[in-house]
Amino acid sequence: MAMAAVAAARAASRGGGLCRFLSTSINFPPLSGGGAAAADAPRRQQNEPSTNLFISGLNKRTTSEGLKEAFSKFGEVVHARVVTDRVTGYSRGFGFVRYSTIEDAAKGIAGMDAQFLDGWVIFAEYARPRAPPTSPPETSGSYSAYSSNA
């Protein structure tokens, strides 16, 4: 018991305060509002504007038709797709919406980001472009792990 009191006194004298000592993590930001800690807070990365939106946080029961209907309030939706599990057929929790113009896409993000859809809060952001496909490494000759070239 005395050891804990000594440790608490040391933490308080170093400027960490009792809250700092009793916290479960020493990586908590200072309790004071604003300042440099608020400026360093992590934020969602902003992707380059495009007509394609990435939608996350979808309910398992959300369909592509329901997604298209919800986002069509903000502009002309060219295509909406909920990515589904191959086995169950249910949503994997994310999808994509493609608008006809970048302006409509911006309205779609402004109107639907952090809003409820089918009882769940969804998040809308510009989709990152797909990475170019990589080709498998080429093997020299006809060597195979299963061949009997010993």
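The buried residues of helix 5 are covered by parts that include strand 1, helix 4, strand 3, strand 4 (115-117) and strand 5. Contact here means heavy atoms within 4.5 Å. Helices (H or I, at least four residues) and strands (E, at least two) are DSSP runs, numbered from the N terminus. This is a predicted model: local features need pLDDT of at least 70, side-chain atom pairs count only at pLDDT 80 or more, and totals for chains, interfaces and linings use all residues. Residues are numbered from 1 along each chain as its sequence is written, and side-chain values use heavy atoms, with hydrogens and water left out.

**Helix 5**
- Helix 5 spans residues 102-112, and its buried residues are Asp104, Ala105, Gly108, Ile109 and Met112. Buried means under 20% relative accessible area, exposed over 50%, and partly exposed in between (1.4 Å probe, protein chains only).
- Seen down the helix axis, these buried residues fall within an arc of 140°, so they line one face of helix 5. The arc is that of the directions from the helix axis to the C-beta atoms.
- Glu103 and Ala110 are exposed on the other side of helix 5.

**Leu58**
- Leu58 sits in the loop between strand 1 and helix 4 (64-71).
- Leu58 is buried, at 3% relative accessible area.
- Leaving aside residues up to four places away in sequence, Leu58 touches Leu67, Val82, Ser91, Gly93, Phe94, Gly95, Leu117, Trp120 and Ile122.
- From Leu58 to Arg92 is 34 residues in sequence and 7.8 Å in space, C-alpha to C-alpha.

**Aromatic pairs**
- The structure holds three aromatic pairs. Rings of Phe, Tyr and Trp (its six-membered ring) pair if their centres lie within 6.5 Å; planes under 30 degrees apart count as stacked, over 60 as edge-to-face and the rest as tilted.
- Phe54 and Phe94 form a tilted pair, with ring centres 5.9 Å apart and planes at 40°.
- Phe54 is in strand 1 (residues 52-56) and Phe94 in strand 3 (residues 91-99), so the pair ties together parts that are 40 residues apart in sequence.
- Phe54 is partly exposed at 24% relative accessible area, and Phe94 is partly exposed at 23%.
- One aromatic cluster is formed by Phe54, Phe94 and Phe96.

**Surface patch**
- Phe116, Val121 and Phe123 make a nonpolar surface patch of about 290 Å². Patches are made of residues with over 30% relative accessible area and no salt bridge: like charges are joined within 9 Å, nonpolar side chains (Val, Leu, Ile, Met, Phe, Trp, Tyr) within 5 Å. A salt bridge is a side-chain nitrogen of Lys or Arg within 4 Å of a carboxyl oxygen of Asp or Glu. Accessible areas come from the Shrake-Rupley method with a 1.4 Å probe; for residues, only the protein chains shown count as cover.
- Phe123 belongs to strand 5 (residues 120-126) and is partly exposed at 34%.
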